[in-house]
Amino acid sequence: MNAMPSEIGQIVWRHKNVIDVDCFTREELYFLLDQARHMENVMDRPIKKVPVLRGKMVVNLFFENSTRTRVSFELAEKMLSADVVNWSVQGSSQAKGETMRDTAWTLEAMGADIVVMRHGAVGAAQYLASKLKRAIILNAGDGTHAHPTQALLDLYTAWKHLGDLEGKKITFVGDVLHSRVARSDIIAFKTAGCEVVLSGPPTMMPNEVDALGCKYEKDPKKAVENADMVYLLRIQKERQMDGLFPSVDEYHRWWGADDELMKYAKPGALAMHPGPINRGVEIASTLADGHQSVILEQVRSGVAIRMALLYLCGGGVR
Amino acid sequence: MKKILFKGFKIFNGTDFLESNEVLVENGKISKIGNDLDCNDAEIIDGFGKILSPGFVDLHAHFRDPGGEWNEDITSGAKAGAAGGFTTLVAMPNTKPAISEPSLVEYVLSHGKAAGASRILPSGCVSKNREGKEMAELLKMAEAGAVFFTDDGSPVATSALLRLALMYTGEDQPRIMEHPEDASLFKGGQVHEGRVSALSGLKGIPAASEEIDVARGIAIVREIGSRIHFTHLSSKNALERIRQAKKEGLNVTCDTTFHHLTLNENAVINSGYNSRYKVNPPLRSIEDQKSLWEGLQDGTIDAIVTDHAPWHLDEKDEPFEDAPFGIASLECAAAVLIDFKDKNYPDVPLELILKKMTSAPASLMPKKWQSLGRIEEGLLADITLIDMERTRVVDCSTWFSKARCCPWEGIALTGWPVMTFVEGKMIWQDDEDL
């Protein structure tokens, strides 16, 4: 589809663990996207399976409920022929009475090769990586900090539509403060060469937006001006309980995205969302289901990019 | 008691370096300072140019005893202090139960004495059971030996209670040491509100939290004419409030910590959110850190404290968000600061930071202890020998403290205490030295 990135050709893949996207260079990102394209082809085959991870044991260690991310990883792992175990811990590890490092060592003792972890605490993936002696860790989300595979699948989706992302503009609208998606996406899109602008209620923005290397524009209409991509972040309704905004209705009126808002962006700009969507809150149904929306493509991209990452970190090139 | 003659030392008396290079200790006291002191029956310790300093005085250390002894007890804490060159440690009262009555003050004193290491001086809570509701028996606790009153771990819960306690203690009783923090701004916070909170999404603790509480204390002191000490200052604007209050002539003092002087929020970010950097008040911006060095130099900051907050590794070695606040530093604090100063602030005189670790903090204690932190004839022989050439790697696994991790683990530092004496008795010696 796009000639540019594939021309980069083979590079030496130096990554084992993936904690956040800040470990990748631009070349590595595009290489990864190119690999994901190959993986996506596998998804279209009548027999959706390649033997890349045959005989490898992958544990999906989920301390937080996330059916989508877990299923996406599981599909990717199965298409790569890995043996998959889902280890869900309801509540925190403390509630269960076992520390995370004991859990980690238990997994290794059982022979896990790759651990995919979702945890509610910032730094949990880095922490686990420091405790694992042999197994590879892929971060499936650590608290409000990072969600690298989400960022990569977003990048992949955008790249498939727009080609080289250098100089393109993406605007994130919503709760940046509590969003691991936004944090990882900002890094990924900036590394890929994009201009990143943030919008949303000031109470849901980090005080030092500069630290993220982005501009903040309170008014979403101004923020999306000339944008190639408009990325709506999920509003968790409990944030209203925290008093960060007075009502869902007021949020939707000011920062909710609809076809009207998209008129301020570039014609044909992509509307993106990490899911699950709150219809009528951060996104109107007409936009979510309309021709500019790539939300379901993002879901599909998730499987492909996770396959590529599992392949590169856990099996393939090294 | 035997006599000890210290020869060939650079002697720091708590304020300045002296011309003399010998100190004679007899019966636990400093009997003579001079040159070519003649004493046949004394044990001689030759310094070969090392520094002889008053033992360090730490106004702020946590020992988790009673109630949390697996994290630290008074004995392990007192020994850790000795190994860090500290001869006097003020124990914070936020234990379980909290030290808020005279019998508990006596408990801390007697366990401290039994440890046979650094001198442990108790502090008592401002409020009964540290509940922030009504005043504890402050006068009785002072009589029993409490040297400060503090609800540390939290600020004094209400302005009304703080005002009462400041009135009640006045200028003749131990100082009230306030932990400056605004409860509602602190709530749920994990890190400094700034770069680190933006990058991690961890809930920030704004510097305004500290400034607001400092402003509260100053306003009360201005009105009623008492005095207040603010502990572990971490931020520029709060410090500026204290600077102005001092200019105004109010009896307001403050301290900062070894770790706030030597670390900032970038350490948290660069570590990938390692819990060993999790502390309250949080490690703040570079600008805040720089302001603390200015505060040291212009006299706004009176003392440097450890805020030694030990946790057993099983508690502390958790993902950042799940770990408790606190840095344990008694056994390396002096070296951390000396090494940092030499590398980053070579023009700041060593005397200045040593003073803030010795005579300056001692002068904030009740009369009985104000002569600690000095090398003068007739005073108690609390002495720490420092080797400015010594380089050692911080190795928490060798610590007396039960806390076995700190931000400096594995880092080579230059300038270490090598021997510690309390009342003329050697309580610690670096195995490899002298």
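How many Å separate the centres of domain 1 of chain B and domain 2 of chain B, taken over C-alpha atoms? The answer is 25 Å. The structure here is a predicted model, in which local features need pLDDT of at least 70, side-chain atom pairs count only at pLDDT 80 or more, and totals for chains, interfaces and linings use all residues. Residues are numbered from 1 along each chain as its sequence is written, while chains are lettered from A and ligands numbered from 1 in the order in which they are written.

In chain B, domain 1 covers 4-52 + 380-429 and domain 2 covers 55-369, with bounds that come from an automatic or database domain assignment. Where these domains touch, domain 1 of chain B puts in 29 residues and domain 2 of chain B puts in 47; a contact here calls for C-beta atoms, placed from the backbone, within 7 Å. On the domain 1 side, β17 (383-393), β18 (412-422) and β19 (425-429) of chain B each give two or more residues, and β18(B) gives the most, with seven. Helices (H or I, at least four residues) and strands (E, at least two) are DSSP runs, numbered from the N terminus. By class, that domain 1 side has 18 nonpolar, seven polar and four charged residues. Ala, Val, Leu, Ile, Met, Phe, Trp, Tyr, Cys and Pro count as nonpolar, Asp, Glu, Lys and Arg as charged, and the others, Gly among them, as polar.

Now for a single residue of chain B. B:I11 sits in strand β2 (residues 10-11) of chain B, and it counts as buried because it has 21 C-beta neighbours inside 10 Å (buried takes 20 or more other C-beta atoms within 10 Å, exposed 12 or fewer, partly exposed in between, with C-beta atoms placed from the backbone). Leaving out residues up to four places away in sequence, B:I11 touches several others, including B:F17, B:L52 and B:I375. B:N21 is also one of its contacts; ten residues apart along the chain, B:I11 and B:N21 have C-alpha atoms separated by 5.9 Å.

Over in chain A, five strands make an open sheet in the order β7-β6-β5-β8-β9, with parallel pairing. The edges are β7 (215-216) and β9 (270-272) of chain A, each pairing on one side only; strands pair if DSSP finds at least two bridges between them. Strand β8 (residues 229-232) of chain A pairs with β9(A) over three bridges, in the parallel sense, and A:V230 has A:A271 as its bridge partner in β9(A).

Key:
Two residues are in contact if their C-beta atoms, placed from the backbone, lie within 7 Å.
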